[in-house]
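Please open the model in a viewer and keep the selection tool at hand.

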Amino acid sequence: MKTLKNHTLIYDNECPMCAIYSKGFTKYGMLDTEGREAFTEISVRNKNLVDFNRAKNEIALIDHENNKVIYGLDSLLLIIGNSFPFLERIVRIQPLYWFFKKLYSFISYNRKQIIPSKKGLYRTILCTGF
């Protein structure tokens with residue numbers, strides 16, 4: 001696989017799903033081994049570039065060469081498309097792109113309910129009595 005260099009993915013480390021796929025990107029060489037950084041442990045360098053309102057619900061990918069941040073589905077397509085260009089071209093076809101953008105938004109806004117963290121699961125059990 002072709003590695004996307006000089007980019008940092010800012011992920012939600014309190015979200016098990018986010019931790020899994022971001023670790024997968026580095027493990028399988030789609031990003032550098034240092035190509036991901038937890039949102040709660042963000043460096044000063046990256047903190048100055050990221051729009052925190054967007055980054056709460058859209059994954060942020062920082063391009064260090066251009067000091068530019070790409071958010072949401074476009075960030076995932078850049079990572080995946082670097083290794084699998086044909087997949088990016090297919091998803092960017094307008095009706096498919098619209099569908100995947102809606103799907104991304106749905107999953108992103110509901111990620112903590114889809115796969116709750118252990119901390120969130122314990123909080124739910126304590127609050128509801130289950």
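**Cysteines and salt bridges**

The structure contains 0 disulfides (a disulfide being a pair of cysteine sulfur atoms within 2.5 Å). This is a predicted model, in which local features need pLDDT of at least 70, side-chain atom pairs count only at pLDDT 80 or more, and totals for chains, interfaces and linings use all residues. Residues are numbered from 1 along each chain as its sequence is written, and side-chain values use heavy atoms, with hydrogens and water left out.

Select Cys15 to begin: its relative accessibility is 1%, so Cys15 counts as buried (buried means under 20% relative accessible area, exposed over 50%, and partly exposed in between, with a 1.4 Å probe and protein chains only). Proceed to Cys18, which is also buried, at 6%.

The next stops concern the 3 salt bridges of the structure (each a side-chain nitrogen of Lys or Arg within 4 Å of a carboxyl oxygen of Asp or Glu). Select Arg54 and Glu58, whose closest N and O atoms are 3.1 Å apart in a salt bridge. Arg54 is partly exposed, with 37% relative accessibility.

Now select Asp74 and Arg92, which form a salt bridge at 3.1 Å from N to O. Asp74 belongs to helix α4 (residues 73-83) and Arg92 to the loop between α5 (85-91) and α6 (94-109), so the pair ties together parts 18 residues apart in sequence. Helices here are DSSP runs (H or I, at least four residues), numbered from the N terminus. Both partners are partly exposed: Asp74 at 23% and Arg92 at 36%.

Through shared partners, salt bridges join Asp74, Glu88 and Arg92 into one network.

Conventions: Helix = DSSP H or I, 4+ residues; strand = E, 2+ residues; numbered from the N terminus.
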